[in-house]
Amino acid sequence: MSARALMFQGTGSDVGKSTVVAGLCRLARRRGIRVAPFKPQNMSNNAAACSDGGEIGRAQALQARACGLQPEVDFNPVLLKPQSDSTAQVVVHGKVLDTCSASHYMNDRRQHLMQAVTDSFTRLTQQYDLILVEGAGSAAEVNLRERDIANMGFAQRMQVPVCLIGDIDRGGVIASIVGTKAVISSSDADRICSFIINRFRGDPALFVDGVKVIEELTQWPCRGVIPWLPPALKLPQEDAVILEQGTQRSQRSGSDAMIRIAVPMLSRIANFDDMDPLRLEPNVELGFVPPGKPIPRDIDAIIIPGTKSAMGDLAFLQAQGWDHDIIAFARTGGKVTGVCGGYQLLGKYIHDPDGVDGAPGSAPALGLLDIVTTMYPQKQTRQVNGHCPRSQSVLSGYEIHVGATEGEATRSPMTILNGKPDGATSPDGQIEGTYLHGVFGNDDFRAWWLNNLKAGSAGSLNYESTVERELDNLADGLEAALDVDELLRDARAVES
């Protein structure tokens with residue numbers, strides 16, 4: 001049995017590969033095709049838990065959802081989770097393999113992971129009719145071409161055709177696509193069968209001549225010009241570049257918002273899509289506070305998000321002076337909530353005797369909850385269900401973390417997960433933390449949490465239905481902009 005496959009590579013990072021693949025996954029599913037996503041190697045601290053206890057990139061989890069599938073480790077066999085400026089945790093088939101430097105990974109480790117990538121891809125070809133593959137970064141990174149497993153190295157190894165995506169909103173899209181062909185090898189250029197222009201603002205007819213220039217210089221046909229699609233911004237995003245561009249701010253702001261929430265943008269921020277449901281609430285303004293800026297005072301709550309390195313981001317938070325802002329806000333009765341690593345930062349101390357989270361050592365944390373966290377090598381990764389004792393809301397989500405937390409405040413847990421207490425709450429209920437990623441995606445809990453801040457502030461948002469609707473809207477937008485029939489014909493059979 002053989003499946004067909006088509007890979008989508010980009011002229012650079014954040015050109016919309018993940019979103020385009022998600023929309024095409026939904027389109028294929030609506031056409032009755034058994035479709036699955038695949039990304040050989042991802043680099044992101046936004047991860048999703050699979051039912052078998054493994055983890056994959058959040059983008060592949062969203063793409064799986066677009067296909068009507070649950071997350072599986074084969075959808076993203078290699079996941080790199082940056083832990084510092086020079087090291088990353090290497091996750092293979094959902095489990096931590098090791099932590100290594102960038103140079104060690106690129107020069108030694110990476111070439112040995114192609115087998116894990118091809119094993120996963122082969123298993124998928126035996127289960128599905130169509131595999132839509134997402135590349136990583138840029139197809140033109142010729143300095144990284146040797147031993148590549150993420151882009152052309154994979155495409156050549158498995159004989160998968162490639163559609164190249166260029167982002168016109170960045171400017172220079174003609175040069176970026178034509179330049180890609182100019183710098184890659186002729187054999188890699190032959191692997192590219194078509195291209196797509198993404199994020200066009202205005203009348204696409206104005207770029208007809210631009211498309212012709214690209215087609216003439218590359219000899220690749222264009223499969224469409226995708227307009228700027230606002231619905232895509234309501235979908236969970238994976239790349240932290242999105243935060244830097246400010247697209248994670250709520251649509252309402254200033255006096256129009258009943259509730260204002262600040263989220264410090266930690267240096268190793270992880271799973272920041274935990275904030276998406278709050279960002280979509282009609283009466284909420286949620287803003288990520290960038291480095292170098294103080295946390296505003298005229299706010300109703302602070303949420304400390306997850307982090308890949310609690311010890312590292314504790315030092316980063318203190319270097320920004322955010323520790324003083326958060327403590328001062330809490331002392332005036334302000335609401336402070338921590339999620340996963342953010343929960344650990346709320347305690348008295350973080351101990352890392354074995355250097356699991358960086359260099360071995362201990363450090364005093366914010367001291368807002370009577371808890372202490374100790375880092376251990378074993379990672380907790382699981383899907384969970386439970387409830388919130390104070391709101392009696394039913395909860396579901398996932399855990400991905402290292403470390404165990406103990407202390408007096410845990411006697412008043414924020415959540416109960418899989419029948420066991422989780423998190424902690426201060427005596428007045430204003431300081432709280434949980435290991436539950438996705439806690440704000442639970443509509444009843446989110447409404448209770450917002451109304452406790454200000455009565456009547458919660459809207460009628462059904463978050464899960466919103467994500468489904470936006471996936472359909474995205475698919476509709478791609479259907480109108482792309483020659484989907486030709487794209488599907490571009491896909492070629494691969495042997496399983």
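**View 1. Helices α6 and α8 pack at an angle of about 10°, with their axes 10 Å apart.** This is a predicted model, in which local features need pLDDT of at least 70 and side-chain atom pairs count only at pLDDT 80 or more, while totals for chains, interfaces and linings use all residues. Residues are numbered from 1 along each chain as its sequence is written, and side-chain values use heavy atoms, with hydrogens and water left out. Helix α6 covers residues 173-183 and helix α8 covers residues 208-218. Helices (H or I, at least four residues) and strands (E, at least two) are DSSP runs, numbered from the N terminus. Axes are lines fitted to C-alpha atoms, for helices over the stretch in contact, and angles run from 0 to 180 degrees between N-to-C directions. The two helices α6 and α8 are therefore roughly parallel to each other (angles under 35 degrees). On the α6 side, Ile 174, Ile 177, Val 178 and Lys 181 meet Gly 210, Val 213, Ile 214, Leu 217 and Thr 218 of α8 (contact means heavy atoms within 4.5 Å).

**View 2. Ile 174, Val 213 and Leu 217 make a nonpolar surface patch of about 230 Å².** Patches consist of residues with over 30% relative accessible area and no salt bridge, with nonpolar side chains (Val, Leu, Ile, Met, Phe, Trp, Tyr) joined within 5 Å and like charges within 9 Å. Accessible areas come from the Shrake-Rupley method with a 1.4 Å probe, and for residues only the protein chains shown count as cover. Ile 174 lies in α6 and, at 31% relative accessibility, counts as partly exposed. Buried means under 20% relative accessible area, exposed over 50%, and partly exposed in between (1.4 Å probe, protein chains only).

**View 3. Asp 167 forms a salt bridge with Arg 199.** A salt bridge is a side-chain nitrogen of Lys or Arg within 4 Å of a carboxyl oxygen of Asp or Glu. The closest N and O atoms of Asp 167 and Arg 199 are 3.0 Å apart. Asp 167 belongs to strand β10 (residues 162-167) and Arg 199 to strand β11 (residues 192-200), so the pair links distant parts of the chain, 32 residues apart. Both Asp 167 and Arg 199 are buried.

**View 4. Arg 201 forms a salt bridge with Asp 169.** Here the closest N and O atoms are 2.9 Å apart. Arg 201 sits in the loop between β11 and α8, and Asp 169 in the loop between β10 and α6. Asp 169 is partly exposed, with a relative accessible area of 36%.

Definitions and conventions: Angles under 35 degrees count as roughly parallel, over 145 as roughly antiparallel, 65 to 115 as roughly perpendicular and the rest as oblique.
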